[in-house]
Amino acid sequence: MYLKNLGENAVKAKYEVALLDSETKNKVLKTVAEYIVNEASYIISENQKDIDEGIKNNMNKGLIDRLTLNESRIKAMSEGVLEVIDLEDPVNRVLDTFERPNGMKLTKVSVPMGVIGIIYESRPNVTLDAFALTFKAGNAVILKGGSDAINSNIAITNTIKKALKACNINENIIQLIEKTDRETTSEFMKMNEYVDVLIPRGGAGLIKAVVNNSTIPVIETGTGNCHVYVDKEADLNMAVEIIYNAKTQRISVCNACESIVVHEDVRKELLPMLAKRLSEKNVELRGDSKTKEVIDCIDATEEDFGKEYLDYILSIKTVNSVEEAVAHINKYNTGHSDCIVTANEETAKYFLKGVDSACVYWNVSTRFTDGFEFGFGAEIGISTQKLHARGPMGLKELNSYKYIIVGNGQVRG
């Protein structure tokens, strides 16, 4: 009955939010951004309860980092909402128009999806991001965060609801499932009567569970086993700095580099430079036999090449050609983000065409796979599937479309 009530509330709310104009939605988002900053001390105090519990349960430092909120992060979250205000409203865009021989005029128009369900893990900022994007795109949302961040998520949701109430907007446009047991999560994945699309955002286990068990259509967001391939014609200083940034700028994110592939011709020069630079962050290196001939490192296993560490660990594979690099990456990557560092345009084109990922880079850190960096505003996740949405999912990806047909009495014979 608990989830049924949430579902019924969401269905009612989705029809209300779908009718809001851009000006109203932007005023609401501005109010939400203000409330988030004003309630920062409350949110941080509730977040601390989750951090304390995480430390008590020996949560790894990467996940603790994902979980942690402070004043600067809350300010950034609020600014993210304000950036959504500046984005074009995706609803009611004319996508196509055409006329049939019988005089019928057809217009393809973007429309909200309806009720979006999101299941995610210990990143409480997702609560606010999810609301801002789904709301601007004209949808209602039901959120199921992880138990690790339950206090934080409740605090953020309560704050959003206060802002909605102040704007005389239906508070059920956002609802948080506060029960944290697995049975509730499993039941939520079967709510196709109420939820129009389900988006999992988290680790491989969560995503697999949702894809395998949901009766609701799923947009799959993937884990990030991201690679950087250093070609034989690479600028090695550039390569070192790209890898250093992609690996260490923030270890807990899905677009962080987890594995590098090195052309054999440059391994003797590159690897000592790279090891020295990464030692500044105490990055543990796990390499194949040819890597170990050049630097001291741990033996890399088959599992290492396919692992998303979310830690200061990096696997290294040596290859003899770009073709071998592409084959290795396609075997072990997660379809997220992969980069080539090279001065050779033809080699780069082969890599960019051959690697099967949502985002492929040439001489750029993988850390840019991000809604803000792409100019989309806050993102709902990085889609690694190929249906409907791929890559950073912004406002437009949270819309569907319908056809409007206008005539003057046509009937079908």
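Helix H6 runs over residues 125-136, and its twelve residues should span 16 Å at 1.5 Å a residue; the end C-alpha atoms sit 17 Å apart, which agrees. The expected span here is 1.5 Å times one less than the number of residues. Helices (H or I, at least four residues) and strands (E, at least two) are DSSP runs, numbered from the N terminus. Keep in mind that this is a predicted model, where local features need pLDDT of at least 70, side-chain atom pairs count only at pLDDT 80 or more, and totals for chains, interfaces and linings use all residues. Numbering starts from 1 along each chain as its sequence is written, and side-chain values use heavy atoms, with hydrogens and water left out.

**Helix H6 and what follows**
- H6 is mostly covered, with twelve of its twelve residues buried (buried is under 20% relative accessible area, exposed over 50%, partly exposed in between, with a 1.4 Å probe and protein chains only).
- Among those buried residues are Asp129, Phe131 and Lys136.
- Just after H6, Gly138 takes a positive phi of about 85°.

**Surface patches**
- Patches take residues with over 30% relative accessible area and no salt bridge, joining like charges within 9 Å and nonpolar side chains (Val, Leu, Ile, Met, Phe, Trp, Tyr) within 5 Å.
- A salt bridge means a side-chain nitrogen of Lys or Arg within 4 Å of a carboxyl oxygen of Asp or Glu.
- Leu95, Phe98, Tyr401, Tyr403 and Ile405 make up a nonpolar surface patch, together about 470 Å² of accessible area (Shrake-Rupley, 1.4 Å probe, only the protein chains shown counting as cover).
- Strands S1 (94-99) and S16 (399-406) each supply at least two residues of that nonpolar patch, and S16 gives the most, with three.
- Phe98 belongs to S1 and counts as partly exposed at 35% relative accessibility.
- Asp148 sits in the loop between strand S4 (140-144) and helix H7 (150-166), partly exposed at 35%.

**Positive phi in loops**
- Most residues other than glycine have a negative phi.
- Asn58 has a positive phi near 60°; the residue lies between helices H3 (40-56) and H4 (61-67) and is exposed at 70%.
- Asn282 has a positive phi of about 55°, in the loop between helix H11 (267-279) and strand S9 (284-287), and is exposed at 65%.
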